Amino acid sequence: FIQLMQDCWLRDPRKRPKFPEILQRLAVIKNEGLPRIELGFHNTKLYRKKTLVYAFACKDVVVVYKPWGTGEGKKGDWVLVGPGDDAYTCDAAIFEKTYARVTDQDHPHLYRKTGKIFALQMERDFLMQTLEGMEHGSKGDWIAQNPVNHEQWPIASKTFKEMYELAPYQTLVDPVEVAKPDITPQDTELPATKTRSISEFDGEEERDIADDNDAKTEALYG
């Protein structure tokens, strides 16, 4: 596609492709699809959302009013409030899989989204195929990819900086931190053992030799 654009802008008009050739080349591009940059550990890193949300499970049906209309959550759904007081609901099963509580005693209802994405900042303008169709990105924008289903989408540079940060663990699943048991001084003390001097062992050896000689004498002379 880039080559076609460059050919159409050649300085010499006689070298530019004719309209039928342009249509033919566009048809080939459409059939082949756009080249895809597959993201992974070989060319980028994992990122996570740095924005936190307040969340709580609701026993009742919740109606959330939005500029575009209303959203309704069912009983048992979670109500989330993000930056700018943006409120929305999330299915309980999905919430449990994708959110984790932040260890903050002062804010027990503070949660962070646990999902991670591969992301690569582009050095030039780009066009990419997404589930919603063709989308355009500018130089400095990011290509994001879901590491599970490999879905891709563009994220504007400013939005990415505001919403994402480098994941502290560069693994798809964070390691489980196991609490170390409390070790008290008495737990580390070894049981007392009886020590014996060299002279004690020497005395035992002399007694053993004497007893052995007595046994031999008795065997010989009765």
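Visitor: How much accessible surface does the protein have, and what share belongs to carbon and sulfur atoms?
Guide: About 17300 Å², with 56% of that belonging to carbon and sulfur atoms. Areas like this come from the Shrake-Rupley method with a 1.4 Å probe, and for residues only the protein chains shown count as cover. This is a predicted model, where local features need pLDDT of at least 70 and side-chain atom pairs count only at pLDDT 80 or more, while totals for chains, interfaces and linings use all residues. Residues are numbered from 1 along each chain as its sequence is written, and side-chain values use heavy atoms, leaving out hydrogens and water.

Visitor: OK, how many helices and strands are there?
Guide: Six helices and 14 strands. They are DSSP runs numbered from the N terminus: helices are H or I with at least four residues, strands E with at least two.

Visitor: Let's zoom in. Is Gln-152 buried or exposed?
Guide: Gln-152 is buried, at 6% relative accessibility. Buried means under 20% relative accessible area, exposed over 50%, and partly exposed in between (1.4 Å probe, protein chains only).

Visitor: And where does Gln-152 lie?
Guide: In strand 13.

Visitor: What does the side chain of Gln-152 reach at 2.7 Å?
Guide: The backbone oxygen of Ile-37.

Visitor: New topic: which loop is His-150 in?
Guide: His-150 sits in the loop between strand 12 (142–145) and strand 13 (152–155). Its phi is positive, about 65 degrees, although His-150 is not a glycine.

Visitor: How big is the relative accessible area of His-150?
Guide: It's 40%, so His-150 counts as partly exposed.

Key. A polar contact is a pair of N or O atoms within 3.5 Å; within protein, one must be able to donate a hydrogen and the other to accept it, and residues adjacent in sequence count only if both atoms are side-chain atoms.
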